[in-house]
Amino acid sequence: MLLASDYPAALGPYARTMPILLTHGTADATVPYEYGQGSAGLLKQMGLQVDFQTYDGVGHIPTLPVLTNMTAFVVKQLVPTTAPQVTSWHLDVLKEMQHSDTSDDISAWIAQFPGSML
């Protein structure tokens, strides 16, 4: 594995303490799963906070459970005291991302966030 020669020295103080989420599917044919494991290992060796999540059978495109966990991670890190405001626009974007009519599944996913506008 190669990293820039000035990494992690080039990181600012906030970046050194910011938690990192790495997700990887075991069936990823675009970026081998082992690369994700290696990246997580290198970052941990540098003393960075890494949460490496494995998704069995998932390829390169994230599934709804992956997106749910990613969203929960971001909300926890960036908005610890404020619930996100999810609107019908967000639902439309998520439906388009899934490339299918999965509005019931997506509505259920959005409903788990307090303050949802749906």
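Setting aside neighbours within four places in sequence, Y33 touches H24, G25, T26, F52 and T54, a contact being heavy atoms within 4.5 Å. The model here is a predicted one, with local features needing pLDDT of at least 70, side-chain atom pairs counted only at pLDDT 80 or more, and totals for chains, interfaces and linings using all residues. Numbering runs from 1 along each chain as its sequence is written, and side-chain values use heavy atoms, with hydrogens and water left out.

Y33 sits in helix α2, residues 33-45. Its relative accessible area is 15%, so Y33 is buried; that label means under 20%, with exposed being over 50% and partly exposed in between, for a 1.4 Å probe and protein chains only. From Y33 to H60 is 27 residues in sequence and 9.7 Å in space, C-alpha to C-alpha.

Rolling a probe the size of a water molecule over the atoms shows where empty space is left. The largest pocket comes out at about 170 Å³. A pocket, on a 1 Å grid over the protein atoms alone, is an open set of points where a 1.4 Å probe fits, with protein on both sides within 12 Å along at least five of seven lines; lining residues have an atom within 4 Å of a point. Grid points are joined across faces, edges and corners, and the volume is the space filled by probe spheres set on them. There are 15 lining residues, and T23, H24, G25, G59 and H60 are the closest to the centre. Two elements give two or more residues each to this lining, β1 (20-25) and α3 (64-78), and β1 supplies the largest share, 5 residues. By type, the lining splits into 9 nonpolar, 5 polar and 1 charged (Ala, Val, Leu, Ile, Met, Phe, Trp, Tyr, Cys and Pro are nonpolar, Asp, Glu, Lys and Arg charged, and the others, Gly among them, polar).

As for α3 itself, V66, L67, T68 and F73 are buried there.

Zooming out, the protein has 5 helices and 2 strands, in the order α-β-α-β-α-α-α along the sequence. These are DSSP runs numbered from the N terminus, helices being H or I with at least four residues and strands E with at least two. Of the 118 residues, 23% count as buried.
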